[in-house]
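Dear colleague,

Please find below the structure that I am handing over to you. My notes on it follow directly after.

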Amino acid sequence: MQITGLEMKQLRKNMFSFSHGDGFEALLRRLSKKFIIEDFSHEVTQRVYYDTFDWRLHRANQVFFSSGGALHLEQFNGQGLAVAAGRRRSKFFWWNIEEGELVERLKENIEMRALCPIIELSTEATQFRIMNKDRKTVARLAVRNDRLGEQTSELPELIIVHEIRGYEREFDGIVEQCLKRRCSEVKNKRLFDRLLSNSDLTPRDYGAKFRVDLDRDISIGGAVSRLCLHLVEDMQKNHAGVIADIDSEFLHDFRIAVRRTRSLLSLLKKILPEAQCRYFQEEFRWLGTVTGPLRDIDVYLLEKDKYLTMLPAELQDGMSSFFEQLEVRRNGELRELQSHLGSERFGNLITHWKGFLTDPDSELFKGSRAQNCRDYVDQMIVKRFKSFIRDGDRISDASADDELHKLRIKGKKFRYLLEFFKSFYDEKQMSSFLKFMKKLQDNLGDFNDLSVQQTMLGAELGGLKAKNLQTIRFAAALGGLIAVLSDRHRAVRNEFESTYADFTRPEIKKLLRVMVNGSL
Amino acid sequence: MKTIAVYSSKGGVGKTATTVNLAFTASRDGYRVLLCDMDSQGAASYYYRIKPKKKFNRSRLLNGEFYDFIRGTDFPLLDLLPAHFSFRNLDIAINDERKEEKRQVLASLLAPLADQYDYVILDCPPNVTVLSENIITAADCVVVPVVPTTLSLLALEQLLKLCKKVGCKKKKILAFFSMVERRKLMHTSIMKKYRSYPIFMQSYVPFMAEIEKMGMYRRPVGSSPRKSVASQAYELLWQEIRERRLS
């Protein structure tokens, strides 16, 4: 005898909500004619749900909440993934939670981002046993009332019928009674979905990916307005997070929006009204400059573990004081940045900029800016690509590092150009081209990062005075790091030639030519 | 999935009370447990207030069509396959199987449950038949309640012989003293003599009115909110079984 492939039936859980007030009591009265009903638990519980600002857990179909001294990670369907001890906090980083499966699962998705409270839920639930004449439980019934945050109105009362294995008939009978009593069946059984739809939150309303869909016949001024309004919104969305110093990525995303804005101004400076363009370029350069020092420190702190693993164990201790000093320096830089972002200059910039982008009488929509954007962008892409290739072809083994840095900046500008206007082009072709472009840029980016890091560590080393053993240890650690970084720097430089050759293959040029209908 | 059989050829040694309480303790520890009531008297089913569905019988069990007849108990993670009156002839029906498959019938029936449960716990009838051979073959561990009396020890000896006959390792068998009455000299002297034997566990279950009253209240001793001596005894027994044979 061989029996295989057993699939036991999934136990059912049906949910209902009554449209009239005494619906549940009437249901209980009806059921009590056939069953013995006993309420066995009455609980009031509190939950706080968290996610990152860019909804990283929601994007991974996961839910994280604190409740009753424990932290839970679940899938959307309520299936538990991991639990750890912990109480509610104003924010959580994964390193604030005790080591274990929860941390492992969280850090995979949220990385360096903080989990912040998004929903506070208070639930009052009563559970009933539905028993046969032997007092055997044949089904369970629960009635729950959920209240969100400070809201005074509750979510619709929910009645949940749980099936018990082997008592299908009884379950069907109870469900039938519910349906007979004019109550509507709740099809979406995911609690978190219900909570979100009853809150004023819009899941995934912010993400770091840039996408603005432009009409094919949009004018240059119209396109600049749409793109830059999107970017300034990103700056404003991240502004509060930077000021409150919630996590490092608010500033990172803020700076990306500034950099993209500067790039667009620079790309179109020949066609934009000269005086205004110069003013805004100047002001956004200022914004880029004042946000730089804090971000530089954040990069080091985020890479702390990576730096330490580059060093042999005996040199690692020497670096600890360096990171401690960085933390202190960070506090100073944060205060400085907070004052810049709260300044009149910043306020004026945003007001003037938004006025320039939205005022119908703005110079932005006049003159040559009224011409078709797509035609102009086609030409610009061809021109920029040719110029990039011209510079790239000139680079040889003998070229100075500076040549590569210049190429990186040119490449970045070109990639931004493609990203701004990608909605004009075939999506598949564009993302394929951007993928090739990214490979080359990653190489150039790594090369630049390694140069900057070596310079910064070198400057740190140059400023040391050997006054005690601690300083000597630090100097040794810095020396060790510079040596490792220098090796990597060389290796990345050596990879440039093949990466560049890969990018300039005829089929990639052809891909771009097909996209822009141009000659390359 | 591990299969645990609670077995003794002697009646009245506390097999059903042990099965009912071990199954409850295991499920409360967070394991998915199926209690199979193999004894046609259906005492374990009675304790859990579960009656078999009308269409259930021995043939359905032996044809492997019993999954739809498993019923949930009142406790999370604990399901029960109720006994049926027709189980009294289970051994005769198994005897009709082909000779080479005769001892594997139960093991084959339980195998497909492996993904559904962590433990299957069998409450066995008190006899020595081909069903007993099946139970010993299917089980990863045979738990034997032994009242500290001569007849109960004889039943254990008989089981060891049966084990040898069916070619099972003696290591599968774990005995414990059940219904122990400390005031009885025979109980204390038998326990003193045999407790150090490797086959015996250190945990034992005293004779207690609370266990006897399970028939009245129809629920495992550990299910009341108050922690009792009896429920602690079964918890210790479960822990020792897990440590010695199931880890």
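Predicted model: local features only at pLDDT ≥ 70, side-chain atom pairs only at ≥ 80, totals over all residues.

Residues are numbered from 1 along each chain as its sequence is written, chains are lettered from A and ligands numbered from 1 in the order in which they are written, and side-chain values use heavy atoms, with hydrogens and water left out.

**The two chains**

The mean pLDDT (the predictor's confidence in each residue, from 0 to 100) of chain A is 92, and 97% of its residues score at least 70. Over residues 1-5 of chain A the pLDDT falls below 50, and this stretch has 13 contacts (heavy atoms within 4.5 Å) beyond near neighbours in sequence.

Chain A contains 16 helices and nine strands, and chain B contains eleven helices and eight strands. Helices (H or I, at least four residues) and strands (E, at least two) are DSSP runs, numbered from the N terminus.

The radius of gyration, taken over C-alpha atoms, can be set against a globule rule of 2.2 Å times the number of residues to the power 0.38. For 520 residues a compact globule would come near 24 Å, but chain A has 30 Å. The C-alpha atoms of chain A fill a box of roughly 90 × 70 × 65 Å along the principal axes; the C-alpha trace of chain B spans about 50 × 45 × 30 Å along its own.

Of the 520 residues of chain A, 47% count as buried, and of the 247 residues of chain B, 57% do. Buried means under 20% relative accessible area, exposed over 50%, and partly exposed in between (1.4 Å probe, protein chains only). Among contacts between residues at least 6 apart in sequence, 70% in chain A join residues at least 24 apart; in chain B the figure is 77%.

**Aromatic residues**

Over all chains there are 43 aromatic pairs. Rings of Phe, Tyr and Trp (its six-membered ring) pair if their centres lie within 6.5 Å; planes under 30 degrees apart count as stacked, over 60 as edge-to-face and the rest as tilted.

The ring centres of A:F76 and A:F192 are 6.2 Å apart and their planes stand at 35°, so this pair is tilted. A:F76 lies in the loop between β4 (70-75) and β5 (80-85) of chain A and A:F192 in helix α5 (residues 191-197) of chain A, so the pair ties together parts that are 116 residues apart in sequence. A:F76 and A:F192 are both buried.

The pair of A:F388 and A:F503 is edge-to-face, with 6.1 Å centre to centre and 80° between the planes. A:F388 belongs to helix α12 (residues 373-394) of chain A and A:F503 to helix α15 (residues 469-503) of chain A, so this pair ties together parts that are 115 residues apart in sequence. A:F388 and A:F503 are both buried.

Ring pairs also link A:F210, A:Y416, A:F420, A:F421, A:F424 and A:Y425 into a cluster.

A charge sits over a ring if NZ of Lys or CZ of Arg is within 6 Å of the ring centre and within 35 degrees of the ring normal. The charged end of A:R47 sits over the ring of A:F65, 3.8 Å from its centre, and that of B:R218 sits over the ring of B:Y46, 3.9 Å from its centre.

**Nonpolar cores**

A nonpolar core is a set of buried Ala, Val, Leu, Ile, Met, Phe, Trp, Tyr and Cys residues joined through side-chain atoms within 4.5 Å. The largest has 96 residues, of which A:L287, A:M319, A:F421 and A:F433 touch the most other members. Not counting residues up to four places away in sequence, A:F421 touches A:L214, A:A223, A:L227, A:L264, A:C373 and A:V377. A second, separate core of 58 residues includes A:Y167, A:F171, B:A17 and B:I241.

**Single residues**

A:W55, in the loop between β2 (36-51) and α2 (56-59) of chain A, is buried, with a relative accessible area of 5%. Beyond four places in sequence, its contacts include A:I118, A:L196 and A:Y206.

B:R49 has a positive phi of about 60° although it is not a glycine; B:R49 is buried, at 17% relative accessible area.

Yours sincerely
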